[in-house]
Amino acid sequence: MHPDARNGWHLAHHEGEPELLGPSDAPGRGLRADWRELRVPGGVQALRGQPLGRAVGSQARTAIDATAGLGFDAFALAAMGLQVEAIERESWVRELLTRAHARALADPALAAVAGRIAIVAADAIAHLAAHAPVDVVLLDPMFPAKRKPDAKPPKAMQALAAVVGADDDAEALLLPALRVASQRVVVKRPRQAPPLGNLKPAWTIEGKLLRFDVYRGGAPV
């Protein structure tokens, strides 16, 4: 086992590309972040009509993705025209995120969208506490969704759960997010999970596997 492995996973590099390698992965077959997968037929209007776009709303122009992970939600927000700060505190995950960003900036089809994203290495709780207001804050903390015993999570979920672990301080993110978001805080949750911090959202938008709990921003908390 690799000396730096976390629950069997470790950060490796293959042909200049960072990847998270699982216990049975061969070099080059690990988890990477590649935003080129995210071209959406129908463009911005299609994204706006999806659950994330509806949760964020049509008036938002600036956003913080406080738990950026591999950056797919941050990219979707930027594709809708928002200026996005993508915060990721875990160094291995952030290396994949930063590489995906650089690759997108070099791709003429993605460069304009990627140019609206700034990656921030920080603890999100402290970063939000000192931040000027933005329109929307997105939270997507790790949460163990209930699954059938024989169901195997997707590779990205396996890797992130192993490397990042449970976000034990996720509930502490909600109040700073409510302070800094002038319009909305959007929390991505498994469909059957309780609300973050058991704080009832203003409304909820259901997806097939997930839901988005929406809180009104600017809360005097």
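W35 and F75 are both buried, where buried stands for under 20% relative accessible area, exposed for over 50% and partly exposed for the range in between, computed with a 1.4 Å probe on protein chains only. The model is predicted, so local features need pLDDT of at least 70 and side-chain atom pairs count only at pLDDT 80 or more, while totals for chains, interfaces and linings use all residues. Residues are numbered from 1 along each chain as its sequence is written, and side-chain values use heavy atoms, with hydrogens and water left out.

## Aromatic pair

The whole structure holds one aromatic pair. The ring centres of W35 and F75 are 5.5 Å apart and the planes stand at 50°, so the pair is classed as tilted. Rings of Phe, Tyr and Trp (its six-membered ring) pair if their centres lie within 6.5 Å; planes under 30 degrees apart count as stacked, over 60 as edge-to-face and the rest as tilted. W35 lies in the loop between β2 and α1, and F75 in helix α3, 40 residues apart. Helices (H or I, at least four residues) and strands (E, at least two) are DSSP runs, numbered from the N terminus.

## Sheet and packed helices

Seven strands form an open sheet in the order β5-β4-β3-β6-β7-β9-β8, with mixed pairing; two strands pair if DSSP finds at least two bridges between them. At the edges stand β5 (117-120) and β8, each with a single partner strand, so one side of each has no neighbour in the sheet. Direction ignored, neighbouring strands are turned by 20° against each other on average. The pairing of β8 with β9 is antiparallel and runs over four bridges. T204 has D213 in β9 as its bridge partner.

Helix α3 packs on the sheet and touches β3 (62-65), β4, β5, β6 and β7, its direction making about 170° with that of β4. Helix α8 (residues 171-180) lies across β6, β7 and β9, at about 150° to β7. Axes are lines fitted to C-alpha atoms, for helices over the stretch in contact, and angles run from 0 to 180 degrees between N-to-C directions.

## Nonpolar cores

A nonpolar core is a set of buried Ala, Val, Leu, Ile, Met, Phe, Trp, Tyr and Cys residues joined through side-chain atoms within 4.5 Å. The largest one has 44 residues, and L20, L52, L77 and L82 have the most contacts inside it. Two or more residues come from each of α2 (51-56), α3 (72-79), β4 (83-87), α4, α5 (111-114), β6 (134-139), α7 and β9 (210-216). A second, separate core of 21 residues includes A66, A124, L139 and V180.

Contact means heavy atoms within 4.5 Å. Leaving aside neighbours within four places in sequence, L52 is in contact with D73, A76, L77, M80, L138 and F212. T67 lies in the loop between β3 and α3 and is buried, with a relative accessible area of 17%. Not counting residues up to four places away in sequence, T67 touches I87, E88, L138, L139, D140, P141 and L173.

## Salt bridges

There are eleven salt bridges in the whole structure, each being a side-chain nitrogen of Lys or Arg within 4 Å of a carboxyl oxygen of Asp or Glu. Three of them are tabulated here.

| Pair | Closest N to O distance |
|---|---|
| R191 and E206 | 3.1 Å |

E17 is buried at a relative accessible area of 14%, and R103 is buried at 13%. E17 and R103 also belong to a network of salt bridges that links them with D34, R36 and R99.

D25 lies in the loop between β2 and α1 (43-49) and K155 in helix α7 (residues 155-164), so the pair ties together parts 130 residues apart in sequence. K155 is partly exposed, with a relative accessible area of 31%.

R191 forms a salt bridge with E206. R191 lies in the loop between β7 (181-190) and β8 (203-206), and E206 in strand β8, so parts 15 residues apart in sequence are tied together. R191 is partly exposed at 38% relative accessibility, and E206 is partly exposed at 41%.
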